[in-house]
Amino acid sequence: MIKVALDAMGGDNAPDAVVEGAVLAAREAAGRYGIVLAGPEDTVRSLLNKYGWSGEGIEVFHAPGIVNMDDSPTVVLKTKTDSGLVACVQLQKMGKVQASISAGNSGAMMAACLMILGRVGQIPRPAIACVMPSLGKKTVVLDCGANVDEKPQTLVQFGVCGSVYAEAVLGRVNPKVGLLNMGEEEKKGPEALQETHQLLKQAPLNFTGNVEGRDLLKGEVDVVVTPGYTGNVVLKLMEGFHEYHLKIFGTVDSDAGRQFEHDWDYSNFGAALLLGLNGTGLITHGRADAKAIKNGLEAAYRQAEAGIVEKIAAKLAQVA
């Protein structure tokens with residue numbers, strides 16, 4: 001059985017929301033996968049009792065250390081190895097679980113996954129891949145902030161990772177891949193993006209060319225490749241637009257209104273994926289509530305079940 005390790009103490013609403021989310025996920029999973037909560041055992045078990053869980057499907061791994069949101073990744077990896085954040089990744093390295101997820105310090109989680117699990121192929125660092133709403137379907141956008149100055153070859157590798165995910169998890173056949181740029185023409189944008197464009201044309205991908213910011217929501221491509229700096233700006237803009245929309249219009253009581261709210265509420269997607277790891281790591285929002293945690297666990301399970309790591313490794317071998 002696939003098991004997912006969850007950092008019980010990670011996030012603004014931990015540990016209550018995290019444990020509650022784990023209980024919701026276990027009930028919904030109905031035995032499809034197991035959950036390992038890594039955190040102070042007494043605290044976690046007390047909350048499991050509070051939320052009425054006493055059955056199988058959730059295990060507790062004692063990890064008393066606490067990672068603060070402002071801790072540097074280096075400090076966490078050197079001095080807080082007994083924390084739930086580090087423990088959930090270590091458990092994956094030891095083969096006890098097949099995926100790890102945290103709503104805590106994202107930099108520390110990224111560093112833990114990179115240092116403990118390692119990378120696939122020649123990717124220098126993993127990318128944060130976010131599933132974003134677009135017309136009629138979801139679009140995978142990466143990198144959304146793990147890096148800020150990627151080389152063209154690295155962006156091509158990210159395109160491969162995103163394409164594999166779109167096919168294996170989202171069910172897209174021969175996913176269309178676009179490069180986010182300031183114009184459709186090949187010669188648009190900085191030299192690094194122009195070079196990336198040419199490399200993507202030669203890669204074993206269904207590359208359809210440049211896409212502009214206004215095209216992100218049209219649903220014409222399945223994967224959008226972009227440097228982490230730009231991707232993070234796009235991500236935060238999308239989140240801000242949703243909050244603005246709620247303040248102005250509220251939840252519109254119609255089929256279209258409910259569909260819009262479902263598509264734009266980040267908690268329905270649960271977590272961002274770290275693609276390019278030699279393992280399955282996910283980061284969820286620091287303010288994640290129980291619903292987001294539940295959906296993040298489901299996303300982790302689906303990624304592990306789909307064998308993303310092996311498929312990315314095989315595809316990357318064609319890009320060397």
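Axes here are lines fitted to C-alpha atoms, for helices over the stretch in contact, and the angle between two of them is taken between their N-to-C directions, on a scale from 0 to 180 degrees. In this predicted model, the axes of helix H4, residues 84–93, and helix H5, residues 106–117, come within 10 Å and cross at roughly 25°. Because angles under 35 degrees count as roughly parallel, that crossing makes H4 roughly parallel to H5, and H4 passes H5 in a right-handed crossing.

On the H4 side, the contact is formed by Leu85, Val86, Cys88, Val89, Gln90, Gln92 and Lys93, which meet Ala108, Met109, Ala112, Cys113, Ile116 and Leu117 in H5. Sorted by class, this contact of H4 with H5 has 10 nonpolar, 2 polar and 1 charged residues.

The largest pocket has a volume of about 800 Å³ and is lined by 36 residues, with Cys130, Leu235, Glu239, Ala272 and His285 lying nearest its centre. The elements that give two or more residues to this lining are H5, strand S5 (127–134), helix H8 (228–249) and helix H9 (255–264), and H8 gives the most, with 7 residues. The lining of the largest pocket divides into 18 nonpolar, 11 polar and 7 charged residues.

The second largest pocket holds about 310 Å³ of space, and of the 16 residues that line this pocket, Asn268, Phe269, Asn295, Ala299 and Arg302 are the closest to its centre. Helix H10, residues 290–305, supplies the largest share of that lining, 6 residues, while by class the lining of the second largest pocket has 8 nonpolar, 3 polar and 5 charged residues.

Methods
Residues numbered from 1 in each chain as written. Predicted model: local features only at pLDDT ≥ 70, side-chain atom pairs only at ≥ 80, totals over all residues. Heavy atoms only, no water. Helix = DSSP H or I, 4+ residues; strand = E, 2+ residues; numbered from the N terminus. Parallel < 35°, antiparallel > 145°, perpendicular 65-115°, else oblique. Left-handed = near helix turned anticlockwise from the far one by under 90°. Contact = heavy atoms within 4.5 Å. Nonpolar A, V, L, I, M, F, W, Y, C, P; charged D, E, K, R; others polar. 1 Å grid on protein atoms, 1.4 Å probe; cavity = no way out; pocket = protein on both sides within 12 Å on 5 of 7 lines; lining within 4 Å. Points joined across faces, edges and corners; volume = space filled by probe spheres on them.
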